[in-house]
Amino acid sequence: YLLGVVGAASVISLIYWIGAGEFSLFGRGGSLGSYGFVIGQIPMLRPFSRSVQVSNMVERLHLFLLDQTGIILLIVTALLLALIYKIWQWRLSRRDIRLRLAITQSQKFFLVASVLCTIGWVLLEGSRPYYLFHIAPLIIIAGAVMLELWTEVYPSQWQARAMGITIPIIGIFLQANHALPATTLGNAIENDQASAIHRLLQNAIPINGHKPRVLFDVAGLDRALTDTEVQVLTLDMFQPPPNAKDAVEKLTRNQIDYVVLRSSPVSTPFEPGRALLPHVLDSIGEARDSALGFFYDDGRTYDESLSQLIDQGLDTLRLYRTRWAPH
């Protein structure tokens, strides 16, 4: 296991270093990089701060209630059944009757893994919403195992698989009106993202018959990756240096032909290098195209109405051409 972890980490680190020309998790020259920003949010690094720990627990619960109501119901049901089993076991033991569950090695493995991963998620990860899905599948499996063990005690009860599926489905129905935006807003986001990103990438002209290399911001990255006519690199992994000269050198070294950046009225870049990048691109290239729209990222939630998003202001995607790319 340890050799596998070390080997995989070494391979990933080597690939990152070859592609980026450097290996810097915490930023260079005292600047804050993406990894440093996430590490700074890890609650375990501030164990004696009551406000950090309380706000962390409240935030985790809020994420579950907002995105995974079904899993909350599954956890509550499994824990309730476990409590009932312990009470029933204690009552029988007073009459010298032993009640033991036959738990297999695979069932024990998933239960232990779920508990450890959940503790790791609570204490050792940042607060980004998508981190929740690191543990959601394991919790569902653990809940199904608990329900399956319950059916061994009371065979007349619902089967574990049926309950394990039914409870999350009930949760999905309970939160369905909050999970997706209104139809009008959903269509606006869908059409704007699809058309705008496709148009921007069409303006990335092939270079000497080769696919242009496009450095792309997080917003709309999933749609950009489906375009097979360009080579898309993510800005999160690129980590632009906070120094203009170093940023130009890194863009040149990585042969970046175009850059697509997002600016938003509801959030600002937390990295000095990312905040500096638009000014660097203005000096070594030109803005070829831009598009306005809504992108769910920092500062926005799925519950906001179309009028609220309009009041906040539109996000801007801007396509920059570097000086060594074709005109």
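**Figure 1. Arg 60 and the ring of Trp 121.** In this predicted model, the charged end of Arg 60 is placed over the ring of Trp 121, at 4.9 Å from the ring centre. Trp 121 also takes part in one of the two aromatic pairs that the structure holds. Its partner is Phe 64: the two ring centres are 5.4 Å apart and the planes meet at 80°, so the arrangement is edge-to-face, given that planes over 60 degrees apart fall in that class. Phe 64 belongs to helix H3 (residues 50-67) and Trp 121 to helix H5 (residues 105-124), so the contact ties together parts 57 residues apart in sequence. Both Phe 64 and Trp 121 are buried.

**Figure 2. The aromatic pair of Phe 109 and Phe 110.** The ring centres of Phe 109 and Phe 110 lie 5.5 Å apart, and their planes are at 70°, so this pair is edge-to-face. How accessible is Phe 109, buried or exposed? Phe 109 has a relative accessible area of 53% and is therefore exposed, because the class begins over 50%. Phe 110, at 29% relative accessibility, counts as partly exposed.

**Figure 3. Lys 250 and the ring of Phe 238.** The ring of Phe 238 has the charged end of Lys 250 sitting over it. The distance from this charged end to the ring centre is 4.9 Å.

**Figure 4. Strand S3 and its two pairing partners, S1 and S5**. Strand S3 spans residues 258-263 and is mostly covered, with five of its six residues buried. Strand S1 (residues 213-216) runs parallel to S3, and three bridges join the two. Within this pairing, Leu 215 has Val 259 of S3 as its bridge partner. With strand S5 (residues 315-322), S3 pairs in the antiparallel sense, over six bridges. Which residue of S5 stands opposite Val 260? That position is taken by Leu 319.

**Figure 5. Gly 70 in helix H4 and its separation from Phe 173**. Gly 70 is found in helix H4, which covers residues 69-93. With a relative accessible area of 5%, Gly 70 is buried, because the limit for that class is under 20%. The C-alpha atoms of Gly 70 and Phe 173 are separated by 8.7 Å, while the two residues are 103 residues apart along the chain.

Conventions: Residues numbered from 1 in each chain as written. Predicted model: local features only at pLDDT ≥ 70, side-chain atom pairs only at ≥ 80, totals over all residues. Heavy atoms only, no water. Buried < 20%, exposed > 50% of the residue type's maximum accessible area, 1.4 Å probe, protein only. Helix = DSSP H or I, 4+ residues; strand = E, 2+ residues; numbered from the N terminus. Pairing = 2+ DSSP bridges. Phe/Tyr/Trp six-rings, centres within 6.5 Å; stacked < 30°, edge-to-face > 60°. Lys NZ or Arg CZ within 6 Å of the ring centre and 35° of its normal.
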